[in-house]
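Please look at the sequence and the model before reading the points below.

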Amino acid sequence: MTILYLNLFLSFMKIGFLSFGGMTMIPIINEEVLKFGWMTTEEVLDIVAIAEMTPGSLGINCATFVGLRSGGIPGALCATLGTMMPSLTLCLMAAHFIHKFQNNMTLNTLLKGIRPICLGMLMAIAITMGQSVFWEHSSICWNLVIISLITGYCLFKRKFSIPHTILLAAFLGILMG
């Protein structure tokens, strides 16, 4: 059983390092799962469909489901940790170096320079997504603008929680069509 857990961990760590997340993981997951005989092709397709429907990362969800199916809860933990290992490693290394060089003027200047770039990227995404959400067939979707303004007000000014804001948006969407 220990070999199974080690294989789950190493296989999903390999998947984490060799893929870029999302759909790029599916062929590698399929290859690894079939190679070890943990599941059939049909079961892998079912796992991918379930992983797509559940909240969270596709890779982590697939790893959790494959690990659970193959080795129970310990298998799920091994496969999930294996998938997360590349991200955890990079984040820990970045945190280590940022902490080590936190008083370095060059690093602080670079980080200050990155902030407006990140803000600009977020603004570009917001504008692009806003255009596709609020603009349809050469006209503004006023119902969606109103829903966004109401939920934005409730989230930021009235301090609604995220789940409550989502429920409010769903209710307003049903109400306003």
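Predicted model: local features only at pLDDT ≥ 70, side-chain atom pairs only at ≥ 80, totals over all residues.

Residues are numbered from 1 along each chain as its sequence is written, and side-chain values use heavy atoms, with hydrogens and water left out.

**Helices α3 and α4**

- Two packed helices are described by the angle between their axes and the distance between the axes.
- Helix α3 covers residues 41-53 and helix α4 covers residues 58-100; they pack at an angle of about 130°, and their axes are 9 Å apart. Helices (H or I, at least four residues) and strands (E, at least two) are DSSP runs, numbered from the N terminus. Axes are lines fitted to C-alpha atoms, for helices over the stretch in contact, and angles run from 0 to 180 degrees between N-to-C directions.
- The two helices α3 and α4 are therefore oblique to each other. Angles under 35 degrees count as roughly parallel, over 145 as roughly antiparallel, 65 to 115 as roughly perpendicular and the rest as oblique.
- The crossing of α3 with α4 is right-handed; a crossing is right-handed if the near helix is turned clockwise from the far one by less than a right angle, and left-handed if anticlockwise.
- On the α3 side, E43, I47, V48, I50, A51 and E52 meet L58, N61, C62, F65, V66 and R69 of α4. Contact means heavy atoms within 4.5 Å.
- The residues of this contact of α3 with α4 comprise eight nonpolar, one polar and three charged. Ala, Val, Leu, Ile, Met, Phe, Trp, Tyr, Cys and Pro count as nonpolar, Asp, Glu, Lys and Arg as charged, and the others, Gly among them, as polar.

**Helices α6 and α7**

- Helix α6 (residues 142-156) and helix α7 (residues 162-176) have axes that come within 10 Å and cross at roughly 155°.
- This angle makes α6 roughly antiparallel to α7, and their crossing is right-handed.
- From α6 the contact includes N143, I146 and I147, and from α7 it includes I162, T165 and L168.
- The residues of the contact of α6 with α7 divide into 10 nonpolar, four polar and no charged.

**V145 in helix α6**

- V145 lies in helix α6 and counts as buried, at 19% relative accessibility. Buried means under 20% relative accessible area, exposed over 50%, and partly exposed in between (1.4 Å probe, protein chains only).
- Apart from neighbours within four places in sequence, V145 is in contact with F134 and I140.

**Cysteines**

- The structure holds zero disulfides, a disulfide being a pair of cysteine sulfur atoms within 2.5 Å.
- C78 is partly exposed, at 22% relative accessibility.
- For C91, the closest cysteine sulfur is in C118 at 14 Å, which is also too far for a bond. C91 is exposed, with a relative accessible area of 54%.

**Positive phi angles in loops**

- S138 is not a glycine, yet has a positive phi of about 65°. S138 sits in the loop between β1 (135-136) and β2 (139-140) and is exposed at 66% relative accessibility.
- K159, likewise not a glycine, has a positive phi of about 60°. K159 belongs to the loop between α6 and α7 and counts as exposed at 65% relative accessibility.
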